[in-house]
Amino acid sequence: MELKKIVKDIGVAFGIIVDIFIIVFSLIIFQHRIGVSLFKRSIQNITEIQQLYKQMISNKFEDQFSLLETQSKYFEEGNKTEEEKRENVLKYSKVSGEFKKLALINSDGTGIDFSGKTIPNIRNRIYFREAVESSQRSVSEQIELDSNLKPVLTLLYPVKNRTDLFILGTISYDILRKMFDVPIFSGKSYSYIVNKEGNIILCNKDKKKALYNINFYDYIKSVSTTKYSVVKKMKNDIQQEFSGWVICTSPESEKLFSYTSLGINDWTLITVLPISYIRKQQTGISILVFVVIAVIGLMLMIIIFLVYLMLRHNSIIERDNERLVTVNNQTQTLCFEFDIVKDIIDFSGETKFILGTDKKQLPAEFVRSEHFRRIHPDDGNILDCLHESITQKKDSYTAEFRYKGYDNEYFWCRLSGSFIYSEDGRPVKFIGSISNVNTQVLHELKLKELAECDKLTKLLNKTTMESKIKKYLNESANGKLCAFIIVDLDNFKSINDYLGHMTGDMAIRDAAKKLSLVFSEKDYIGRFGGDEFCVLMRFSEYFTKDSVIKILKEKGESLCNILQEDYFNEDSTVCVSASIGMAVYPYDGLSYEELFACADSALYDVKKSGKNAFKIYDGKRKQ
């Protein structure tokens, strides 16, 4: 009996030990999985915060370009002489934002700053050549040294309607670092901006030291013990403008390098965060798990219950937050009563999202001076429409417009209300509301974009292209010249036959991208289907027929060169080129149909003459 009892006791003890082992092992596995899950979630949060940080940096650059655009307006063609324009700029150049220097640059690279001093010629700078060729704004590809050997970044903005003049602005490295230096992750992180080759543009790590124009990858290898393969992966991703992250090690610590394309030049934003910061966020869970291990089974059940409640509670909070955000977006409305006679506006409801204050009554003059300027420039006509409604004694008024909030972000608003008139017909009050309809309008714009664009190339589809061209010719041309261009890819059928439809789709997308590079944003570019594209170039009233013909010849040569491409696989090679027909409004036709017929006739002549060329319609239709 005693032997059986001993065996039984040994069996129970062994069972208890096995149970304890299983429980402890399960808890260790549980702890590991929780750690992995939290780490992945932390990476996701870091990526999301980095995207917001990236947007903030992009917005700051946009603000600087807006200042250059304002300065450039004083040099646009008009009735004023160049001397009068220069005097205006000198008068307003005090409002130069973060710029250290502003200057006028000619198309040959020479220029003078706004104080009248000559600056060094920049004709050999890559960003200047790109701006001259594309008539688009540009940013210097790296930090430069100014005449005082101080590091600066250069922004260049073309003067509208002028092909020979640009506004140049330089921002000092210290100002750039202040723009860039926004503490995130409790100030534990720092960031770099690098280009594709790994050249450091900016770094906010050391407030006293300017770190720029050195190779980022060599720098990382010199200060860490990171394996070459890790640095190579990050380098390849950055060169291909991919987002991602790697962990680099040094004798002191491990650090997370999270990177994403910045959308300016070919720059990449890299955020560096100590792994210890991420692990610190997991400390609470780790402590709980160790406590559970200490008390084994009982605490295990408690932890399971607590985890369940926590997940359920978080789910409820997230769901409630989503509902609150949705309700807030839908109901964020400001009601007001405008007493036209007293020139006073009384508000009720949520006022901060529009006014930035809780005040419920403001002078109308204050609102006009402080808040009307926040309306997007493209939507400024709503005020004219409102005045017209009063003049025509309409009963109500409704309009949608973009408004710049106090976070410097535009959002869509809807203004609606009714007029109250006196017995003699004079307007005395306007009672209305302003609602935040940003989500709704953006959704509608997205649907409209999907309906108007070709799915493969993201260019305008045939129906939308025809509609826009006809509308422009009927309503906006007013005698101004424009050019209708048909681009047909040569040998495209051979790609589908010998290389496959996937390569064919790639060729179509390549052609669409190249067309977007050759033509500007003001031009209409569309895909008519298959391998055929069309373009409508719109010119201002200052262009003559001879100048338009000259531009069309330049565009034709550029298109023939850029669209010629070889596609191949192991068995076959197909050379794709382009045949191009052009027609000029109003000389070759006054309607869309007439312009299309003339451009198509010119295209036919090119095809018949051997392809891979362009022709401007000469007045002779094909029979």
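Trainee: In strand β9, which residue is the bridge partner of isoleucine 193?

Mentor: The bridge partner of isoleucine 193 in β9 is leucine 202, where helices (H or I, at least four residues) and strands (E, at least two) are DSSP runs numbered from the N terminus. This is a predicted model, in which local features need pLDDT of at least 70 and side-chain atom pairs count only at pLDDT 80 or more, while totals for chains, interfaces and linings use all residues. Residues are numbered from 1 along each chain as its sequence is written, and side-chain values use heavy atoms, with hydrogens and water left out.

Trainee: How many bridges pair β8 with strand β9, and how many join β8 to strand β12?

Mentor: Two strands pair if DSSP finds at least two bridges between them. Strand β8 pairs with β9 (residues 200-203) in the antiparallel sense over 3 bridges, and 5 bridges join β8 to β12 (residues 268-274), again in an antiparallel run. Isoleucine 193 stands opposite leucine 269 in β12. The hairpin of β8 and β9 has 5 residues between the strands, and glycine 198 takes a positive phi near 90° there.

Trainee: Which residues of β8 lie on one side, and which on the other?

Mentor: In a regular strand the side chains alternate between the two faces of the sheet. In β8, Tyr190, Tyr192 and Val194 lie on one side, with Ser191 and Ile193 on the other, and all of them are buried (under 20% relative accessible area, with exposed over 50% and partly exposed in between, using a 1.4 Å probe and protein chains only). Because 5 of the 5 residues of β8 (residues 190-194) are buried, this strand is largely enclosed by the rest of the structure.

Trainee: Which residues do ring pairs link with Tyr190 and Tyr192 into a cluster?

Mentor: A pair of aromatic rings is described by the distance of the centres and the angle of the planes. Rings of Phe, Tyr and Trp (its six-membered ring) pair if their centres lie within 6.5 Å, and planes under 30 degrees apart count as stacked, over 60 as edge-to-face and the rest as tilted. Ring pairs link Tyr190 and Tyr192 with Phe216, Tyr217 and Phe257 in a cluster.

Trainee: How many aromatic pairs does the structure hold?

Mentor: The structure holds 17 aromatic pairs. One of them joins tyrosine 403 and phenylalanine 411 edge-to-face, at 6.0 Å centre to centre and with 70° between the planes, and both of these residues are buried. Phenylalanine 419 and tyrosine 421 make a tilted pair, at 6.1 Å centre to centre and with 40° between the planes; here phenylalanine 419 is buried at 8% relative accessible area, whereas tyrosine 421 is partly exposed at 22%.

Trainee: Which residue forms a salt bridge with lysine 196?

Mentor: Side chains of opposite charge can pair when their charged atoms come close. A salt bridge (a side-chain nitrogen of Lys or Arg within 4 Å of a carboxyl oxygen of Asp or Glu) joins lysine 196 to glutamate 241, with the closest N and O atoms 3.6 Å apart. Glutamate 241 lies in the loop between α6 (228-239) and β10 (244-249), and lysine 196 in the loop between β8 and β9, so the pair ties together parts that are 45 residues apart in sequence. Glutamate 241 is partly exposed at 39% relative accessible area, and lysine 196 is partly exposed at 26%.

Trainee: What distance separates the closest N and O atoms of glutamate 400 and arginine 414?

Mentor: Those atoms are 2.6 Å apart in the salt bridge of glutamate 400 with arginine 414. Glutamate 400 lies in strand β16 (residues 396-404) and arginine 414 in strand β17 (residues 410-421), so their pair ties together parts that are 14 residues apart in sequence.
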